[in-house]
Amino acid sequence: MAMPQNSTAENGFCFAQTLDFSCPSPPPCKPGRTFDASSGREPRGTALSNGTASSGARSPADSCAEPLCSATPGDEETQFNEGIKYVSAEGEELACGWGGFTPRCLQLCNTSKGVLFFLCVASFLQGMTVNGFINTVITSIERRFDLRSYQSGLIASSYDIAACVCLTFVSYFGGNGHKPRWLGWGVLVMGLGSLLFALPHFTTGQYEAHSAAEVGVCGGNQSLPCAQAASSLSSYRFVFMLGQFLHGMGATPLYTLGVTYLDENVKTNYSPVYIAVFYTAAILGPAAGYLVGGMFLNIYTEIGREIDITPENTLWVGAWWIGFLGAGAASLLISIPILGYPHRLPGSQRYIVMRVSEAHQLKDGSHKKASDPDFGKTVKDLPRSVLLLLKNPTFIFLCLAGATEATLIAGMSTFGPKFLESQFSLSASEAATFFGYLVVPAGGGGTFLGGFLVNKFKLRCSGIIKLCLLCTVSSLLAIFIFFIHCPNMPMAGVTQTYGGSVLPGGHLNLTAACNTNCGCLQETYSPVCGSDDIMYYSPCHAGCKKLSENLRNGKKVYHECSCIDKTLLPGPGDAEAGKCTSSCAKKPLLLFFMFMVILFTFLSSIPALTATLRCVSDRQRSFALGIQWIVVRTLGGIPGPIAFGSMIDKSCLLWQDQCGEQGSCYVYQNSAMSRYTLIAGLVYKVLGTTFFIVACLLYKPPPPESAPGSSDASDSGNGDLQEHKPSLPAGEDM
């Protein structure tokens, strides 16, 4: 018996406990035999000194143990040709496959890196579909199926409703069951939801769009949106809601069981890196969804049909359904390998044996109940499991802190493009592109960096909470950038009169002598920029009588605009479609500090998730994540956009007029928008900081002597950020 001072596996695993490498009279390994990990004669396994054996045969992720028995080259060749059978200490199959079909080539993927790859693909598809395609095509779906805004809002919220309904059930029973099967079936259901979401395109008739020449110019044919008859197509919203509900059901195991499956099958210090990579893929998914979905929207929904309108026309409907077909098919395919993974990976038993419990210690000692191997296998234990989590103040305040951060993330993702659009006078597509440039490096980079820092400095639970606190305080300081703002571009009839004088706040006067006879409709909002650098509500409101066939910078040009004075020559001026370009000098500063706010907000996400996994008992990890997701969605994800939206709506200068009813906001007052964004951001950041402080103060780690024989030193309660390695007694050899 010997104690290795530094046995390092391929992932840098370091053992500091007594290992039994003895193998008296090693017998030759016979080809094709089944190895019993608990017998101590496993050819390529490691029997631990406490009687618990590591699992199975040597795999690509299990290069730590040297062969304990030898075989002749010919026998070894025959052995690999016939396949190795992985068996755990309890006799449980650990081979990768489906039923009895476990080919040797599949075992190359039977590693933590293989699981990570397939789960990253699944999270990428989920993010691309739910947070990318849905947000991109929702306007096209409204136009195609005659939906109102509140109906499309119900479609979007069906995902969160499904997640909240399923989280308790999935996280509790799936956490104590066969996690890969729950994950695989979840991805399969998610794929079916995507296919169902695309179904209405194939069950409805062809979309008819008729263009009207020169709509919007003075004296032109003005459309009357209120005259449209109600359509039965709106009933398809229930199909979309069901598709979103399946998306929510399928994604529920992914971010609860998927996280805990990764955490259980890698070394404790490497768990944050694996989880960070997993979540980074989920963040990159929406970026790809915006990009690919935008490309599909430039294709007419009836592919191959010749039409006389362009994507710039308000009647255009793009091929919104292609992305859902592709994502659905990909999800069905990726579910197959996930379903083939075993209950746990070969070699993972050593990580379970060596794991140090950092669960919060309750005064009454009731936290020890969760250590019972039979705990959580029946419905009877559900109330007790909930009670144990409710009695854990560290877990509760980490959930509340996560809810405040989720509120900010949901608010920023929903209204971030709108903020940039208003401040810098951008089009919707330009603002979305700018916001994508911010979110991809800041969100994705911050997520990965958070997991990397936890691993790099080998932080314990109390140190991880302090890192979250540091990130929250940093983003709190950066959010003060919203004290500054860009001035509004002058707009005739909204911020100033047609004569050039400033309009008092709250007043709106879109008619003047120059456009009285044009018969302009307020329902048609199509801003143009005059040659006098003033914006107008539409070409009609600018008094433009002709539309040029020539394009300037890819935009339409209107002529003979009676409300616009030429700067040099007398007579009416010209106008260009779109908003006037803003020359705000504060633009780089605003973008930089918005980047910092997003970076530090996402930087704390993986550490906070890791702290949640560490502060609860091992058998409660999946269930704790499920409860946390319910709290985060209920208190943060769902009301977040509503809270931010209601604050930002107070800064609106110009509302849409939908047949006499108030619609969405067209023009915001930039100073008020910055002020309200600052107030909302400060409230939630201060709350998040407070919750992290309380979680850190109330956390009670286990005593140092509670985890003997582990390479990870127990937290002594002083909140050290650095994990200390125990020094080995002198004279111990390798």
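A disulfide here is a pair of cysteine sulfur atoms within 2.5 Å. What you're looking at is a predicted model, where local features need pLDDT of at least 70, side-chain atom pairs count only at pLDDT 80 or more, and totals for chains, interfaces and linings use all residues. Residues are numbered from 1 along each chain as its sequence is written, and side-chain values use heavy atoms, with hydrogens and water left out.

**View A. Cys529 and Cys580 are joined by a disulfide.**
The S to S distance is 2.0 Å. The torsion about the S-S bond is about 105°, so this disulfide is right-handed. Cys529 sits in strand E3 and Cys580 in the loop between strand E7 (572-577) and H14, so to speak two distant parts of the chain, 51 residues apart. (Helices, H or I with at least four residues, and strands, E with at least two, are DSSP runs numbered from the N terminus.) Both cysteines count as buried, Cys529 at 14% relative accessibility and Cys580 at 2%. Buried means under 20% relative accessible area, exposed over 50%, and partly exposed in between (1.4 Å probe, protein chains only).

**View B. Cys218 pairs with Cys518.**
Here the sulfur atoms are 1.9 Å apart. With a torsion of about -85° around the S-S bond, the disulfide is left-handed. Cys218 lies in the loop between helix H4 (179-203) and helix H5 (237-251), and Cys518 in the loop between H13 and strand E3 (528-530), so the pair ties together parts that are 300 residues apart in sequence. Cys218 is buried at 16% relative accessibility, and Cys518 is buried at 7%.

**View C. Cys520 is bonded to Cys540.**
This is a disulfide with an S to S distance of 1.9 Å, and its torsion of about -90° makes it left-handed. Cys520 is partly exposed, at 23% relative accessible area, whereas Cys540 is buried at 1%.

**View D. Helices H13 and H14 pack against each other.**
The axes of H13 (residues 461-478) and H14 (residues 587-603) come within 8 Å and cross at roughly 160°. That makes the two helices roughly antiparallel, a label for angles over 145 degrees, with under 35 being roughly parallel, 65 to 115 roughly perpendicular and the rest oblique. Residues in contact (heavy atoms within 4.5 Å) include Cys471 and Ser474 from H13, and Phe593 and Met596 from H14.

Note on methods. Axes fitted to C-alpha atoms, helices over the stretch in contact; angles between N-to-C directions.
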